[in-house]
Amino acid sequence: MDSLLDAVAALVFRVSSEKVRAIASRIRRTQKDRADSTLVGVVGTPIAAELIDKLISTWRLTTVSADELASMLLAASHTFSKTANQQTMELVWTGPTTPFVSTRRTEQALLQVVNAAERSLFITSFVAYDVSSIVQALNAASERGVAISILLERSKDQGGSVTFDVISKMKTMVPNARIYAWIAKVDPFVGGCVHAKVAVADGTICFVTSANLTGHAMDKNMEAGLLVSGGDTPRQLEDHLRSLTDAKVISRV
């Protein structure tokens, strides 16, 4: 039975839900020994045809009926589609690449989050400079009515860790953004800094990355991250950041 379930899962993963329904419909009207001819031409790619052949050969080794197999396919397809619609996750990488993994670049992912924002956008970074494309996108988001919040590390002169005043620079570059800093630190966080690098828009899409808001991070450094769309993660991240502002853990400056 596990082999048949694996064959069902492999087919559902590769074939559209419409094709799965067509396959299930034909299976209901056939017998195991005639399945090869019944399913000829239902899919158009060699890989999908190979998966159907695997499904049929595995099915013939079981006592599962045609109706049962059709129901398994439909249930698996529905579950896969539902899960895919709820949350997708994409690897983001800046730096040397290989031919084995296709990835999005950091700047592309961050711009996708910023450009997707319709109501709210929250970004955190240790430092921020030399990111003209991001600044331009942030100001465009502000012009279309997006409420922008940015949490940054303070300079050493202000009690923080960076060597220059990132906050004042960001206020100049994105004048309508609400700029926050982590000022009130209590045990066990005394001496800590804002090291998180995230961006979340409308609680529906978020980017979690190793990259700061810098030109080198966008183009030259080896940086890794995940772009998450849908599901609970973006909403949880936004709720957490908003709670930090509501509880005055981070303060507007």
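This is a predicted model: local features need pLDDT of at least 70, side-chain atom pairs count only at pLDDT 80 or more; totals for chains, interfaces and linings use all residues.

**A helix pair, then the loops**

A: Start with the residues that meet. Helix 6 brings Glu107, Leu110, Leu111, Val114 and Asn115 to the contact, and helix 7 brings Ser133, Ile134, Ala137, Leu138 and Ala141. By type, the residues of this contact are seven nonpolar, two polar and one charged.

Now the geometry. Two packed helices are described by the angle between their axes and the distance between the axes. Helix 6 covers residues 106-116 and helix 7 covers residues 132-143. Their axes come within 9 Å and cross at roughly 10°. Helix 6 is therefore roughly parallel to helix 7, because angles under 35 degrees count as roughly parallel.

Next, Asn212. This residue sits in the loop between strand 7 (205-209) and strand 8 (213-214). Asn212 has a relative accessible area of 17%, so it counts as buried, the cut-off being under 20%. Its side chain has polar partners. One is the side chain of Ser125, in a polar contact at 3.3 Å. The side chain of Asn212 also reaches the backbone nitrogen of Phe126, at 3.1 Å. Leaving aside neighbours within four places in sequence, Asn212 is in contact with Ser125, Phe126, Val127, Lys197, Ala217 and Met218.

Then the backbone. Most residues other than glycine have a negative phi, and most peptide bonds are trans.

Go to Asp202. This residue is not a glycine, yet its phi is positive, at about 55°. Asp202 lies in the loop between strand 6 and strand 7. Its relative accessibility is 9%, so Asp202 counts as buried.

Lys248 also has a positive phi without being a glycine, here about 65°. Find Lys248 in the loop between helix 10 (233-246) and strand 10 (251-252). Is Lys248 buried or exposed? Lys248 counts as exposed, because its relative accessibility is 61% and the cut-off for exposed is over 50%.

The last stop is a peptide bond. The bond from Asp187 to Pro188 is cis, and its omega is near 5°. Pro188 belongs to the loop between strand 5 (178-181) and strand 6 (198-201).

How values were computed:
Residues are numbered from 1 along each chain as its sequence is written. Side-chain values use heavy atoms; hydrogens and water are left out. Helices (H or I, at least four residues) and strands (E, at least two) are DSSP runs, numbered from the N terminus. Buried means under 20% relative accessible area, exposed over 50%, partly exposed in between (1.4 Å probe, protein chains only). A polar contact is a pair of N or O atoms within 3.5 Å; within protein, one must be able to donate a hydrogen and the other to accept it, and residues adjacent in sequence count only if both atoms are side-chain atoms. Contact means heavy atoms within 4.5 Å. Axes are lines fitted to C-alpha atoms, for helices over the stretch in contact, and angles run from 0 to 180 degrees between N-to-C directions. Angles under 35 degrees count as roughly parallel, over 145 as roughly antiparallel, 65 to 115 as roughly perpendicular and the rest as oblique. Ala, Val, Leu, Ile, Met, Phe, Trp, Tyr, Cys and Pro count as nonpolar, Asp, Glu, Lys and Arg as charged, and the others, Gly among them, as polar.
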